[in-house]
Amino acid sequence: QKAVTRIAAGAPPSSHARTFCGGCAGGKAWWTPEPPQRDTETLASIAATQAVLKHVTRMQLFTGIHIAKLMRLARFMKEREVPPRQRVIVRGQPGEAFYIVTEGEFEVVQDDEHQVESTLAVLPPGECFGEMSLITGEPASATVRARGPAKVLAVSKDDFHRMLAAAPEIAITLARILALRLARTVVESDFRISVG
């Protein structure tokens, strides 16, 4: 018992040739101390959660949400690097995920009937995209691509609905964002008509 106690307290096991405990029905049980193994998967998960929290705590979308709830929401988000000019969402294809810009910029583009491309919006860090297709179930109405090297937090379609169920206040903020975008689109459209 004394040897076991010393080893448990940090003494090197090599200094004890044989360590055993008594009292087992089948005789003596030999006890071999081993250093504790680090759970690398758990450590990686904690690091990933901390990286996500660093971004979301500064974003308008998550304003007013308690840190404990944010930690639960962070498990739905995966950080992803996007190379320059890579399309994340393609017009006409079904939505696969919801994205939050953390680094770089993304442009929302659309081709007219003459295949002339126009930029509808530029999304800086803190902005989000991809929610409309996930909410309506309709294909994407525009293409979204990175202007240069960029990073996003990606939330899969299933996790997006789980995230909204866990934090309904996000749905309210998204509704405001969509309303503002719609209003801006209507104003720009009216301006083009009046100028044209």
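In what order do the four strands of the open sheet stand, and is their pairing parallel or antiparallel? The order is S4-S9-S6-S7, and the pairing is antiparallel.

The model is predicted, with local features requiring pLDDT of at least 70 and side-chain atom pairs counting only at pLDDT 80 or more, while totals for chains, interfaces and linings use all residues. Residues are numbered from 1 along each chain as its sequence is written, and side-chain values use heavy atoms, with hydrogens and water left out.

View A. Strands are DSSP runs (E, at least two residues) and helices are DSSP runs (H or I, at least four residues), numbered from the N terminus; two strands pair if DSSP finds at least two bridges between them.

**View B. The antiparallel pair S6 and S7.** Six bridges join strand S6 (residues 106–111) to S7. Glu107 has Val122 of S7 as its bridge partner.

**View C. Buried residues of helix H3.** Within H3 (residues 67–74), Leu70, Leu73 and Ala74 are buried (under 20% relative accessible area, 1.4 Å probe, protein chains only). These residues lie on the same side of H3 because they cover an arc of only 100° around the axis, taken from the directions from the helix axis to the C-beta atoms.

**View D. Asp159 in helix H5 (residues 157–166).** Asp159 counts as buried because its relative accessibility is 17%. Its side chain makes a polar contact with the side chain of Arg162 (2.7 Å); such a contact is a pair of N or O atoms within 3.5 Å, where within protein one must be able to donate a hydrogen and the other to accept it, and residues adjacent in sequence count only if both atoms are side-chain atoms.

Key. Buried < 20%, exposed > 50% of the residue type's maximum accessible area, 1.4 Å probe, protein only.
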